[in-house]
Every structure is written in C-alpha cells, then in structure tokens.
Amino acid sequence: MLATAGLDVEYTRGEGNTLYYRRGDDEIAVLDFVGGYGSTLLGHSNPEIIEYARELLAAQTPIHAQFSRHPYANDVANQLNRIVRRELDSDEGYFAIFANSGAEAIEAGLKHAEFERFVRAAGLRAQIEADIEAAREASVPAAEIDALVAEVTAHNEALFAATPLFLSPVGAFHGKLAGSVQLTYNPNYRAVFSALAAQARFVPVDEPGALDEAVRAASQFAKSLVVEGGSVRVVERPFPVFAAVVLEPILGEGGIHEMPAAFTADVGRVAAELGIPVIIDEIQTGMGRTGAFLASSHLGLRGDYYAIAKSLGGGVAKAAVLLVKESRYLSDFELMHSSTFAKDSFSTLIASRVLDILEADARRCSTGRPSGAARSCWRRCARCARSSPTVVRLRARPRPDGGPGVREPGGVGFGGLARGGNASGFFGYYVSGFLLREHNIRTFPTSSAVYTLRFEPSAYIETADIERLAAALRDVCREIRDAGGARLAAIAEAVPHRNSAQTSEEIEE
Ligand code: PMP
C-alpha cells in the first residue's frame, strides 16, 4: 500500500530536517516535514543528543535498575515542573508518572482519573450505607425498610459496577491502546474494540452548550434513604459517571484544529462542576512545538494532568510522561501503576538533555510568537491558496473572540485542506507520494483527516526549506487545478501492488 501511493522508500540516514534513501549509487535527500509524527522537534540525529547517547552507552550507564533510586527521573520531573510552573505562572507542582509512549501516558491518565472517581464513588457508597443505617434506626416497620433497602441496593449495584465515561472533542486522537483508542474519535480505529474499555462521549467543539448537554444526557443518580418526620423515603444523589475531560489543545490527527475559546472555557467550568480532572494531551503539541512549552497555555486552558511524549525523547529515545497536579495526585497510584521500561535511565537522561536544549534555546520554542520560518511558510502557502482556491484552503488561527480568522500566522502551524476530484480516503497520500517522487519532500495527511496535510518540521527549519516546500505545493496545486491530478494518478498507476480495497489506516501503517 505504500507502493500504491508512491511512498515505498527505505530511509537509510537522517540528519536535521533531511532523510536520505539510496537509489543505486546515489543518496537521495528528502526534506522531512513529517518529523517522526512530531517526535523530531530537535531534528534527526541531533548532534548533541547523539553525542550524549554515545557517552551514556560508553560509560556502561545501567539502563534498567528498577526499584532503586532514580535521580535522573527526578531531574526530568523537576525540569518539567520548573518549565510548566513558569509558563502557567503557578506555584502548584506536578507529580510525574513515566511511560514509554504517548498512548501509554494517556492511559496512565485515564487510570489515575478513574482512581479519583473510584475514591469519590467510595465516599458516596459510605454515605449511602450511613443513610441506610440511620433509616434502620427510625421507627418504621422492618419489612418496609427492608423493601426500601432492596430497591436502593439493586439500583445502586448496577450503577457502581458500570464503567466510567470520558468527555472528548469530536475529532480527538489520543492513541491506539485499548483504553486510549476509545477516546480517539475515528471509528475506523475505535469501533471494533469498544467492548474492551470505558467509552467517551464525543462533543462537537463548535456547538454552544454541547458539553453541558452531553453531561446532562449521561447523568445518573444513586439512590439513598432519608428519614423525615418519622418516615423514610428514597432520595437521589448525583453519581460520578464521568472520570475526566480529555482533549488536545489543537486536534492533531483530526486535521489541525485549535480548540475554540468558548469550548475551552466550557471544559474548565464543566470539569470544576463535576469535580473531575481536565487531562490535556500535549503529546503532539507540547515541547515548544507551537511557540510555548504547552500549546494549551496559549489558549488559557489549564490542565489537571498533562501528557507529554514524542519529542521528549529527542528523536532517539522513547520517553513519555504524565504530569498530575499535586493536589489531585493519589500517592498509592505509584504502587499500582508501573512498567519495566518506563523511567529507564537512558530515556530519562536523554529527556533531561532535551529539556536543557529547549530551555537554552527558548528563543526558538517558547517565544509565544511564530518564527520567521513560520511566517514565511504562512505567506507562501497563502499565496498558493489564493492562486488555487478550488484546490487548497488555508485555515487561519481562530481569533480569541471567535471572530473570523486573523491573517497573521498562528504559532500553531496550519492545516492546508486540499480537495480534489478524487474523493477516496487516499487522496492526501497521493499528494504525499507526488511531493516525495517529484520534489523530494516528505509530508503526510493527518491520520483521521486525510485532506489535511501535516507539516511538523524540526525547530531548525530554514527559510530556504520553506521556499522549497512552497514551490512544491504550488506545483501540486497547479497539477490538480489544471490537469485534474493526472500526474498524481500516474504515480499510483505506475506501482505494481495496487489494491483499492485497502483502507487509509493500512496505508498509514
Ligand atoms: N495523543 C496525540 C495527540 C497524538 O498525536 C498521538 C500520536 N500521534 C498519541 C496521543 C499517541 O502517541 P503514541 O503514538 O506515542 O502512542
């Protein structure tokens, strides 16, 4: 299927923004805008990281020394705390739970949120038991009380045994493990596995009141007993149905959409009303990707938990962290949740060095303003969109007041929405294949919105690279506008193993 889209290339070397493959005796350089799906913010084979990795291995650093002191993991936790507290202008600290992948960090978050809900539900259960005891003391015939207790108990048993619900935006992507995939909106990834884990209620982010309505529709009440004026009656008590709100500040795989301000305000309010944590997935947007360490801080969105992964490993290690606010952290969690490979010295030491580099080079990653390259990219793509309005649309960053998009570049990158005559889910992959074969440029569509191209280069992208990208995008737009995409189709037809029954997910694999 890679061949179908013209993407079947084996890369043999990577440096900075460039991946190389071999064609005969030649080494072909490809300008990489996929950036390891966001994990190479510091570029491929970043020299400082590679040198440090070499030193660690040469020094026989013990990589797996589980259940001992982990000062290197503490260092990462402390660095993250320093950065996050500074950015959020807050004194509150965060505990760090280490993981091996983004989805795993999210699942740690789901588990911790469920632990919080379990504690709340246990409190409610204790309250109901106390209510029943009090009812039994009342001067009411035993048979009457027994009947009421049976009614209450039968109702509550089903409720307490039910799996929790999570709230997430329509279009969300939070990973593909058993739990996290249920919070990933795309039904192609999720539907088959829905019986395995707790479900999400997906909320459209641009419909006022939708979040409140989702909560209202799923609300449940436990039953209890009260003694009033010598008689006993059944009353309802709110039951903690929801465990958390989970969201990306900018939908990544869902097509690069920044969360509207009205929605983020609703998230904070509703979570506070329900007493549940807001879990912010910064796996793709964090680490300085958008001009702040956390993209959510641009949006005034505050999290109780943050998931960070991808570029934390510097393009070399697999490192992920879940941060949990001190005031919510349940210390028994550390005894309940662990992983052989999480918190290993190699990945945490690399992560620590990555954070040092980001801090030292905050000029690039935490300016809060788009870089010169980002502005240049925007201008060029805007020109391309103006000359091919039927082919490509460029979305501007929404204005905080919800008005029409500003003409300034967002520090959030952009989603170029290309719609050609080909309505198949492969369209974006054909565009990617064309850009690779004809221009030695690597990009992909986002995985759940295949008409949106992703551009996630390293922070060291140069204006000349942007110019190359812009020229290539102009070519692809011209090709679709003037020739109906004939050269895109030619690439698809030139390859031998075409199978139109396969899905875009399989192409992605
Ligand atoms: N959350 C978001 C926002 C992501 O973009 C991704 C990966 N694309 C994940 C979670 C899952 O991360 P991983 O692939 O490392 O499990």
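In the predicted model described here, a nitrogen atom of the ligand sits 3.3 Å from an N or O atom in the side chain of E253. On the backbone side, a polar atom of A103 is 2.8 Å from an oxygen atom of the ligand. These pairs fall under the heading of polar contacts, meaning N or O atoms within 3.5 Å of each other; within protein, one atom must be able to donate a hydrogen and the other to accept it, and residues adjacent in sequence count only if both atoms are side-chain atoms. Taken alone the ligand exposes 390 Å², and the protein buries 81% of that. Accessible areas were computed with the Shrake-Rupley method and a 1.4 Å probe, and for residues only the protein chains shown count as cover.

The surroundings of the ligand consist of S101, G102, A103, F173, H174, G175, E248, E253, D281, I283, Q284 and K310, where a residue is taken as near if one of its heavy atoms lies within 4 Å of the molecule. Sorted by class, this shell holds 3 nonpolar, 5 polar and 4 charged residues. The nonpolar class comprises Ala, Val, Leu, Ile, Met, Phe, Trp, Tyr, Cys and Pro, the charged class Asp, Glu, Lys and Arg, and the polar class the others, Gly among them.

Residues are numbered from 1 along each chain as its sequence is written, and side-chain values use heavy atoms, with hydrogens and water left out. As the model is predicted, local features need pLDDT of at least 70 and side-chain atom pairs count only at pLDDT 80 or more, whereas totals for chains, interfaces and linings use all residues.

Turning to charged pairs, the structure holds 28 salt bridges, each defined as a side-chain nitrogen of Lys or Arg within 4 Å of a carboxyl oxygen of Asp or Glu. One of them joins R437 to D8, with the closest N and O atoms 2.7 Å apart. This pair links distant parts of the chain, since R437 belongs to helix α14 (residues 427–439) and D8 to the segment before β1, 429 residues apart. Helices (H or I, at least four residues) and strands (E, at least two) are DSSP runs numbered from the N terminus. Both partners are partly exposed, R437 with a relative accessible area of 34% and D8 with 39%. Buried stands for under 20% relative accessible area, exposed for over 50%, and partly exposed for values in between (1.4 Å probe, protein chains only).

Other salt bridges lie within a single helix. In helix α7 (residues 210–218), E213 and R216 are 3 residues apart and so are separated by about one helical turn; their closest N and O atoms are 2.8 Å apart. R216 is exposed at 54% relative accessibility, while E213 is partly exposed at 39%. Salt bridges that share partners also join E438, D475, R478, E479 and R487 into one network. In helix α2 (residues 47–58), R54 and E51 are likewise separated by about one helical turn, being 3 residues apart, and the closest N and O atoms of this salt bridge are 3.7 Å apart. Here R54 counts as exposed at 52%, and E51 is partly exposed at 40%.

Several loop positions complete the picture. N17, in the loop between β1 (11–15) and β2 (18–23), counts as buried because its relative accessible area is 9%. Its side chain makes a polar contact of 3.0 Å with the side chain of S458. V140 lies in the loop between α4 (102–137) and α5 (142–161) and is also buried, at 14% relative accessibility. The C-alpha atom of V140 is 7.5 Å from that of G230, 90 residues apart along the chain. T61, in the loop between α2 and α3 (71–88), is partly exposed at 22%. Between T61 and S345 the C-alpha distance is 7.6 Å, although 284 residues separate them in sequence.

On the surface, V192, F193 and L196 form a nonpolar patch with about 340 Å² of accessible area together. Patches are made of residues with over 30% relative accessible area and no salt bridge; like charges are joined within 9 Å, and nonpolar side chains (Val, Leu, Ile, Met, Phe, Trp, Tyr) within 5 Å. V192 is placed in the loop between α6 (187–190) and β6 (199–203) and is exposed, with a relative accessible area of 69%.
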